[in-house]
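The following questions and answers concern the structure shown below.

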Amino acid sequence: MNEQLKTDAWKIIETQFCKTRVESSESLFSLGNGVMGQRANFEEKYTGESLPGNYIGGIYYPDKTRVGWWKNGYPEYFAKVVNSAFWIGVDLKIEGEEIDLAKNEIISYHRELDMQHSLLSRQVKIKLKCGKEIEINAVRFISLTNIELGVIKYTIKSLQGDIEVEISPYINADVRNADANYDKNFWEYVNSSRDSIQMRTKKSGFDVAWSQACFIDGVEWRDESEKETIRETSQFSLKQQEEKSLYKYVGICSSLNHPAETLIHQAMKVAKEAAQLGFHELLKQHSKAWEQKWYSCDIEIEGDDQSQQGIRYCIFMLLQTYTGIDTRLNIGPKGFTGEKYGGVTYWDTEAYCLQFYLSTSGQQVAKELLVYRYNQLDKAIENAENLGFKEGAALYPMVTINGEECHNEWEITFEEIHRNGAIAYAIYNYIRYTGDKAYLSPYGLDVLIGIARFWAQRVSFSQERHKYVILGVTGPNEYENNVNNNWYTNYIASWCLKYAAESVEFVKNSQPNEFQKLIIKRNFNPTQELEKWKAIYENIYLPYNEKLAIFMQQDAYMDKEQILVADLAVSERPINQKWSWDRILRSCFIKQADVLQGIYFFQEDFDTETIARNFHFYEPRTVHESSLSPSIHTILATKIGDMDKAYEMYLRSSRLDLDDYNREIDEGLHITSMAGSWLALTEGFGGMRIKNDIIGFTPTLPKAWSHILFKINYRDRIIKIKATHKEVVVSIEGEAVDISIYGKTYHVTDHITHLL
Ligand code: BGC
């Protein structure tokens, strides 16, 4: 538990200022509106350790690749979402003393993040060197209703004595990425005026303009702008107990949405129109939009305040990260909370995040995530060609923003090819959940054919085994590389081929004209290619250990010394910090769900005993050193009835960042793990699953909880599940639907109660 934070159902609250945890709190209190976001830096100057961070989705810089030993096939660059202008700036001098929390004497400090309304506020009382005391109240939000707007209300109050205030709201565009490979500035100056500035990213050529409109009652401003900083300054006096508020409205417009030459004008328009509406009206609109978001996706946990806060925090951050408003945007593993992972797209989106958005934000929002990959199909084909594949085979990149591969470690870039499987699985998952089979044409099938062609070329036929094998891969467990026949990869590859073949048949029969177009577009030979795919999926080699009756993670896994995580001294962990990489690779320790990830995806293919045997073998060997790991284990542990394990893993996942489990949140939050936590709750404890086109639930609660209540968006209606240890109540808003509870199907028109 993080002693710094208070437990509250709807808020994240810190009541102490701690210099050594400023960067961690900057991550924790981050704001975003799905299009842009920022770390919770202070408005006023701060000279202590801090990581300023403002990010605009889709605005990236291709940072030249840096590797020790070049390998053919490595990408030339790593696209990074650019750290952009620091637009919240408010410099402050009181009685000639600069306000800088690293130096001032702080009497009291309170910061809170209101998750219900995405509102950040901070109250600090300071004793000045002259003995006078002041209070600062800073409130800000990034508007959900006007996605190009940020708003700040910054109030200064004199607590003791009359004071002279000098205040300078500013926007500083001279900003660098801390993770720049060659310490270069990614921006160049384009233009500025008294209250606006326009910058352009080098190489990628995105333009962004920022404009501020600042108001303090009865105060005149003087322009103090310099080239890359626009700044206005004014002075005023406050009598004891008197206060004045600065209202700062900032328009942030980019060439993703407007012609570059109109940007300053656009940004100014956003700021000025906002100023006319005023802080209270803007906040009202923003809050209402947030309440509407929550209405269809809140989760209540009764009996455990820590868990309650944890899950709301996960939902909140996911909603701040992605809203599905723009197909060019996706979900970086750190969202808008830090630079790590470059803000770009991983398999995390398809394997973990998609289901969250499907169930909370609706079909259209989730579909945008699939269309993002569809739009990058030609690049995925190019990517595969660069590696020697041909005839329309598509390998989606491990890491990307525009479809081109950015990752440059051979064991991941070239070998962690299972990512292709997750992209196909996401199409299947989306259709299973929404019933929208029409997605297959023109979108889904095109992608599935590219992916199937890749697997058909990537397998090889082993004369020895008389089976198709996949050699030299890295599975989800990145703690072993270049292995042969990773069970997960082989399983998902063969599933992709089968699913692609079924989808071909479906589109051929349901949309023959569209199908003909696709045949021509992709030079597709259905008879020949389907025959080949079938030969592979019917004869794929899936390593199995007869003695243990479990799937084998890879051919040589049992050659490793078999020890358990429980045998490791605490001082040895995390092994990725304590051991050499060589030692990790030779050990049997597993970073994250691997065989179990496959079992999770394809649960219907396995009986409970098989799941339990595999779980009991692999979990004790898993160090969970990827934040993606605990949630999948919660789901499977619940399935096999190990509720203690399920609960332990759930807490680890849902409060990972709030409790800073891995002591690393200063770098940013774990957005994928948050999606995993939501899965753990709804699919794990809630037992949500779709079978034979019917949505079903098998709620099983941890002992500590007296009830859970969760809402999901399902095929244009909201389903509300309230489960206790004794009963499940299901109610719906919208048209009647069949819902299965513990295998019994109810036609729910309003609500039903199922006794356990
Ligand atoms: C995990 C990957 C994941 C990446 C980004 C890594 O630590 O092993 O599976 O895609 O983090 O979240």
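Q: In which strand does Thr155 lie?
A: This is a predicted model, in which local features need pLDDT of at least 70, side-chain atom pairs count only at pLDDT 80 or more, and totals for chains, interfaces and linings use all residues. Residues are numbered from 1 along each chain as its sequence is written, and side-chain values use heavy atoms, with hydrogens and water left out. Strands (E, at least two residues) and helices (H or I, at least four) are DSSP runs numbered from the N terminus. Thr155 belongs to residues 149-160, which form strand E12.

Q: Is Thr155 buried or exposed?
A: Buried means under 20% relative accessible area, exposed over 50%, and partly exposed in between (1.4 Å probe, protein chains only). The relative accessible area of Thr155 is 7%, so Thr155 is buried.

Q: Which side chain does the side chain of Thr155 join in a polar contact of 2.7 Å?
A: A polar contact is a pair of N or O atoms within 3.5 Å; within protein, one must be able to donate a hydrogen and the other to accept it, and residues adjacent in sequence count only if both atoms are side-chain atoms. A contact, by comparison, means heavy atoms within 4.5 Å. Leaving aside neighbours within four places in sequence, Thr155 is in contact with Glu135, Ile136, Asn137, Glu243, Lys244 and Ser245. The polar contact of 2.7 Å links the side chain of Thr155 to that of Ser245.

Q: What is the C-alpha to C-alpha distance between Leu263 and Asn486?
A: Leu263 is in helix H2 (residues 263-277) and counts as buried at 0% relative accessibility. Not counting residues up to four places away in sequence, Leu263 touches residues including Cys253, Ser254, Ser255 and His258. Asn486 is 223 residues from Leu263 in sequence, and the distance in space is 51 Å.

Q: What relative accessible area does Glu514 have?
A: Glu514 is found in helix H12, residues 512-522. Its C-alpha atom is separated by 38 Å from that of Tyr341, 173 residues apart along the chain. Glu514 is partly exposed, because its relative accessible area is 28%.

Q: Which helices and strand do the buried residues of H17 pack against?
A: Helix H17 covers residues 608-618, and its buried residues are Thr610, Ile611, Ala612, Asn614, Phe615, Phe617 and Tyr618. An α-helix has 3.6 residues a turn, so residues three or four places apart point the same way. The elements that the buried residues of H17 pack against are strand E24 (550-551), helix H16 (595-601), helix H18 (629-639) and helix H19 (643-654).

Q: How far apart are the C-alpha atoms of Ile167 and Leu585?
A: Ile167 lies in strand E13 (residues 163-172) and is buried, with a relative accessible area of 0%. Leaving aside neighbours within four places in sequence, its contacts include Val90, Leu92, Ile216, Trp221 and Phe236. Leu585 is 418 residues from Ile167 along the chain, and the two C-alpha atoms are separated by 56 Å.

Q: What radius of gyration does the chain have?
A: The C-alpha atoms fill a box of roughly 85 × 55 × 55 Å along the principal axes, and the chain holds 20 helices and 32 strands. The radius of gyration is taken over C-alpha atoms, and the globule rule is 2.2 Å times the number of residues to the power 0.38. For 756 residues, a compact globule would have a value near 27 Å, which agrees with the radius of gyration of the chain, 27 Å.
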